[in-house]
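Here's a quick tour of a protein model, from its overall surface down to a couple of individual residues. Have a look at the fold, then read on.

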Amino acid sequence: MTTYGTIPTSSSPSTNLEFISRAKFKIKEGLATRRPWKVMFNFRSFGFPGGFSATVSRVRTNIAYFQMNYAIVVLIVLFLSLLWYPISLIVFVVLMAAWLFLYFLRDEPLVIFGRLINDRIVLIVMSVLTVLLLLLTGATVNILVALLIGVVLVVLHAALRKTDDLFVDEEEATRLTPPGAPAS
């Protein structure tokens with residue numbers, strides 16, 4: 001018996017559509033947890049810090065507050081630097097998929113071998129893994145320059161962005177500001 005012209009009844013196409021719609025929802029939801037770009041680039045919130053300790057305090061607070069935004073900025077700078085290196089770009093795209101699933105789009109905490117893994121640990125491990133794998137592709141100088149530019153942009157923004165207008169809840173405020181830190 002042939003089945004030419006019949007519509008298949010398997011759930012495979014609907015499963016694929018469900019997966020795509022769930023992925024789109026997770027991307028929107030995951031990227032919504034980053035801080036708003038308007039808050040990050042509020043030009044009235046920029047100013048020079050009072051001294052070295054105020055600068056260090058601002059950098060620590062801003063990096064903790066804008067952690068996901070800064071990761072996005074560094075990854076964009078790195079992506080733009082790899083446009084002329086196709087092998088490195090392919091490796092980077094594969095790593096971006098890993099970044100999306102392991103860092104940006106997770107709904108629940110990451111648990112490996114029954115241990116809860118902190119977001120900062122995931123950020124550090126993914127950053128090191130990204131740099132190491134990209135360095136193996138042969139675009140070493142380009143990658144190092146891009147990372148240097150990204151880090152300089154992040155530290156410069158973190159040092160110049162005032163922290164007194166950042167709205168955090170009490171639990172996050174205790175995590176962001178070390179005890180005895182001077183106000184910026």
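Predicted model: local features only at pLDDT ≥ 70, side-chain atom pairs only at ≥ 80, totals over all residues.

## Surface and overall make-up

Residues are numbered from 1 along each chain as its sequence is written, and side-chain values use heavy atoms, with hydrogens and water left out.

Of the 184 residues, 30% are buried (under 20% relative accessible area, with exposed meaning over 50% and partly exposed in between; 1.4 Å probe, protein chains only). There are 8 helices and 2 strands, taken from DSSP runs numbered from the N terminus (helices are H or I, at least four residues; strands are E, at least two). Read from the N terminus, the order is α-α-α-α-α-β-β-α-α-α. Among contacts (heavy atoms within 4.5 Å) with a separation of 6 or more, 79% link residues 24 or more positions apart.

## Helix 5 against helix 6

Helix 5 (residues 86-104) packs on helix 6 (residues 119-135) at an angle of about 170°, and their axes lie 10 Å apart. Axes here are lines fitted to C-alpha atoms, for helices over the stretch in contact, with angles from 0 to 180 degrees between N-to-C directions. So helix 5 is roughly antiparallel to helix 6 (angles over 145 degrees; under 35 is roughly parallel, 65 to 115 roughly perpendicular and the rest oblique).

On the helix 5 side, the contact residues include V91, F92, L95 and W99; those of helix 6 include V122, L123, M126 and L133. S88 in helix 5 also takes part, and at 1% relative accessibility S88 is buried. Leaving out residues up to four places away in sequence, S88 touches L82, L134, T137 and A139.

## A71 in helix 4

A71 sits in helix 4 and is buried, at 10% relative accessible area. Which residues does A71 touch, not counting those up to four places away in sequence? They are Y103, F104 and L123. Y103 is 32 residues from A71 along the chain, with 10.0 Å between their C-alpha atoms.

## Helix 7

In helix 7 (residues 140-160), the buried residues are I143, A146, L147, G150, V154, H157, A158 and A159. Their cover includes helix 2 (37-40), helix 3 (52-65), helix 4 (67-81) and helix 6.
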